[in-house]
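Try each task yourself before you read its solution.

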Amino acid sequence: MAKSKPAEKKTDLNRLRLDKWLWAARFYKTRSVAKHAIEGGKVYCEGSRCKPGKEVEIGMEIRLRQGLDERTVIIQALSEQRRGAPDAQLLYAETEESIEQREKQALERKAQPSLWQSDGKPNKRDRRLIHRFKQS
């Protein structure tokens, strides 16, 4: 029987899985969280939905949503290892439009009045009012 050759590892990085790059660039804490975000439609690569195994290259545009913020970034470098935040920021460059839009949205959120200010847990009377409201 013929033995198969072991897979050769590339020393220079030309392509990398999207979920691995998002993890290394510190957008998500784990690869599985990155995978769920991609599958949930929160990450777009080159303007279309993609799969976690999509191979990304330098220069590709990625749009991702985290919470209320949406970012558009251009891949500047590839890395398989997760490093500190200063090193991770060198892997991408956020577009000017994305920065302006995020700042504008942050100002709009701050300008909105907070309607649900609470002193803590509702007391017995408040709970009765809540139940009465829900049942009507």
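## Exercise 1: A bridge across the chain

The side chains of Glu 55 and Arg 15 come together in a salt bridge, with 2.9 Å from N to O. This is a predicted model, and the task is to find where in the chain the two partners of this bridge sit.

**Solution.** Step 1: place each partner. Glu 55 lies in strand E4 (residues 55-56), while Arg 15 belongs to the segment before strand E1 (16-17). Step 2: look at the separation. The partners are 40 residues apart, so the pair links distant parts of the chain.

Step 1: check how open each residue is. Glu 55 has 42% relative accessibility, so Glu 55 counts as partly exposed. Arg 15, at 44%, is partly exposed as well.

## Exercise 2: Two further bridges

Work out how exposed Arg 17 and Asp 19 are, given that the two form a salt bridge.

**Solution.** Step 1: recall the general idea. Side chains of opposite charge can pair when their charged atoms come close. Step 2: check the distance. The closest N and O atoms of Arg 17 and Asp 19 are 3.1 Å apart. Step 3: compare with the limits. Arg 17 has 37% relative accessibility and is therefore partly exposed. Asp 19 has a relative accessible area of 3%, so Asp 19 is buried.

Now explain how Glu 39 and Lys 35 are placed in helix H2 (residues 31-39).

**Solution.** Step 1: Glu 39 and Lys 35 form a salt bridge, and their closest N and O atoms are 4.0 Å apart. Step 2: the two are four residues apart in the helix, which means that about one helical turn separates them. Step 3: Glu 39 is partly exposed at 43%, and Lys 35 is partly exposed at 37%.

Step 2: see how bridges can be joined. A search of the whole structure gives nine salt bridges.

## Exercise 3: A charged patch

**Solution.** Step 1: list the members. The patch is formed by Glu 46, Glu 61, Glu 96, Glu 97, Glu 100 and Glu 103. Step 3: look at one of them. Glu 97 is in helix H4, and at 57% relative accessibility Glu 97 counts as exposed.

## Exercise 4: The whole chain

How many helices and strands does the protein chain have?

**Solution.** Step 1: count the elements. There are five helices and seven strands. Step 2: read their order. From the N terminus on, the elements run β-α-α-β-β-β-β-β-α-β-α-α. Step 3: finish with burial. Of the 136 residues in the protein chain, 24% are buried.

Terms used:
Residues are numbered from 1 along each chain as its sequence is written. This is a predicted model: local features need pLDDT of at least 70, side-chain atom pairs count only at pLDDT 80 or more; totals for chains, interfaces and linings use all residues. Side-chain values use heavy atoms; hydrogens and water are left out. Patches are made of residues with over 30% relative accessible area and no salt bridge: like charges are joined within 9 Å, nonpolar side chains (Val, Leu, Ile, Met, Phe, Trp, Tyr) within 5 Å. Accessible areas come from the Shrake-Rupley method with a 1.4 Å probe; for residues, only the protein chains shown count as cover. Lys and Arg count as positive and Asp and Glu as negative; His and the chain ends are not counted. The place of a charge is taken as NZ of Lys, CZ of Arg, CG of Asp or CD of Glu. Buried means under 20% relative accessible area, exposed over 50%, partly exposed in between (1.4 Å probe, protein chains only).
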